Amino acid sequence: MSEIIPVGLGERSYEIHVGSGLVAKAGVLLKPFASGIVAVVSDTNVAKLHLDRFCAALRAAQIDARPITMPSGESTKSFAGLEQLSSALLNTGVDRGGLIVALGGGVVGDLTGLAAGLLKRGIDFAQVPTTLLAQVDSSVGGKTGINSRQGKNLVGAFHQPVLVMADTALLDTLPKREFRAGYAEVAKFGLLGDAAFFAWLEKNWPDVFAGGPAREHAIAVCCRGKAAIVARDERETGERALLNLGHTFGHAIEAGCGFSDRLLHGEAVALGMALAFEFSARKGLIGAPEAARAANHLAAVGLPTHLKDVPGGTPGADALMDLIAQDKKVRRGTLTFILVRDIGRAFVENNVDAAEVRAFLSDKLAER
Ligand code: GLY
């Protein structure tokens, strides 16, 4: 059984398919979008597990599939990675009549989406996310990009996919740590706008981790939530910014760790969300017990919620503030944060005083 969730964006509308075993149907699902060459971009980790099977499913539907394997890891999401991938894609001969498929996690999806948007001034692409994080967040909504020396995702473009195929069975091979990191984005959907879903997660998270119907349900809830937000605010002029809950603190800490595997993106987001809730409590916007409830759930699944949880430590308050100031969620000198009034009631605050944030981080760092 699979669920089909529409993303309503006028002529750029598309469907998200969520279900177990979709890879076997990849040829049938992608055939309508593939009248020419189909380049399938993967990374070394995903390629070992899924690439041959995926390409075989395409070829069974008479699709001319051309696999490309990129190095795995965040460092591939770079100018060098974009150059390498662009060259490999051009060598396949894929053109505007064809299709580029991103078969992988957020790194492959973001990089491939950007390359697809740039090559020959825009080639259609489809997302086949293989991590929990990519299935519930990064594969939906058309944000593509690479990192630069100045920070994460600072070079990118909106380029919507023509289809998202989230095969939940692919998550069975995901290392537990990566699944857990992706779960931070699942919890984010409850924390930012769906208190009932958050309460459901508090009870059912072991089943989400175990797999089966609870996992599929959670992924579909997140995709429905994201599809609705993207349909209302594709270009992030308002509401879509709520999806950045935890990301301003999180990106700064992630950058401070050199985007290394000391702290995975989802782990940084979990820590960032715990900090956003605590900062909101410090400003008197939310009660301390509610802020603690958010952090307690993240901690219960094994995600980091304190700066001292980061292996090897984090940079100091001044360095973190520099990284926050470089974040693209800073407008005209004021800091923008996603803050909360309750579980499920996030809002965009454009006028956060940098000195207040610095004092907060300084106090948190002193808690060691
Ligand atoms: N990952 C946040 C967004 O797509 O807007």
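Colleague: Start with Arg-121. Buried or exposed?

Modeller: Arg-121 counts as exposed, because its relative accessibility is 76%. Keep in mind that this is a predicted model.

Colleague: Where does Arg-121 lie?

Modeller: In the loop between helix 4, residues 106-118, and strand 6.

Colleague: And what is its phi, for Arg-121?

Modeller: Positive, about 60 degrees, although Arg-121 is not a glycine. Gln-62 is another residue to look at: its phi is near 60 degrees, a positive value in a residue other than glycine.

Colleague: Where is Gln-62 found?

Modeller: Gln-62 is in the loop between helix 2 (44-59) and strand 4 (65-70). Gln-62 is exposed, with a relative accessible area of 66%.

Colleague: Switching to the ligand. Which residues are around it?

Modeller: Asp-137, Lys-143, Lys-226, Glu-236, Arg-240 and Leu-243.

Colleague: How far is the side chain of Asp-137 from a nitrogen atom of the ligand?

Modeller: An N or O atom in the Asp-137 side chain is 3.0 Å from a ligand nitrogen.

Colleague: What about ligand oxygen and Lys-143?

Modeller: There, a ligand oxygen is 2.9 Å from an N or O atom in the Lys-143 side chain. For Arg-240, an N or O atom of the side chain is 2.7 Å from an oxygen atom of the ligand.

Colleague: How much of the ligand's accessible area does the protein cover?

Modeller: 90% of the 200 Å² that the ligand has on its own.

Colleague: Take Cys-223. Which cysteine sulfur is closest to its own?

Modeller: The one in Cys-222, at 6.9 Å. A disulfide needs the two sulfur atoms within 2.5 Å, so the sulfur of Cys-222 is too far for a bond with Cys-223.

Colleague: Is Cys-223 buried or exposed?

Modeller: Buried, because its relative accessibility is 0%. Cys-55 is buried too, with a relative accessible area of 2%.

Colleague: On to helix 12. Which of its residues are buried?

Modeller: Helix 12 spans residues 317-326, and its buried residues are Ala-317, Leu-320, Met-321 and Ile-324.

Colleague: Why do they line one face of the helix?

Modeller: Look down the axis of helix 12. The buried residues fall within an arc of 100 degrees, so they line one face.

Colleague: Now Thr-131. Where does it lie?

Modeller: Thr-131 is in the loop between strand 6 (125-129) and helix 5 (132-138). Thr-131 is buried, at 9% relative accessible area.

Colleague: How far apart are Thr-131 and Ala-181, in sequence and in space?

Modeller: They are 50 residues apart in sequence. In space, C-alpha to C-alpha, Thr-131 and Ala-181 are 9.7 Å apart.

Colleague: Last one, Asn-147. Which strand does it lie in?

Modeller: Strand 7, residues 143-148. Asn-147 counts as buried, because its relative accessibility is 9%.

Colleague: What does the side chain of Asn-147 reach?

Modeller: The backbone nitrogen of Asn-153, at 2.9 Å.

Colleague: Thanks, that covers my list.

Note on methods:
Residues numbered from 1 in each chain as written. Predicted model: local features only at pLDDT ≥ 70, side-chain atom pairs only at ≥ 80, totals over all residues. Heavy atoms only, no water. Buried < 20%, exposed > 50% of the residue type's maximum accessible area, 1.4 Å probe, protein only. Near = heavy atom within 4 Å. Polar contact = N/O pair within 3.5 Å; in protein donor to acceptor, adjacent residues only side chain to side chain. Areas by Shrake-Rupley, 256 points an atom, 1.4 Å probe, with all protein chains shown as cover. Helix = DSSP H or I, 4+ residues; strand = E, 2+ residues; numbered from the N terminus. Arc of directions from axis to C-beta.
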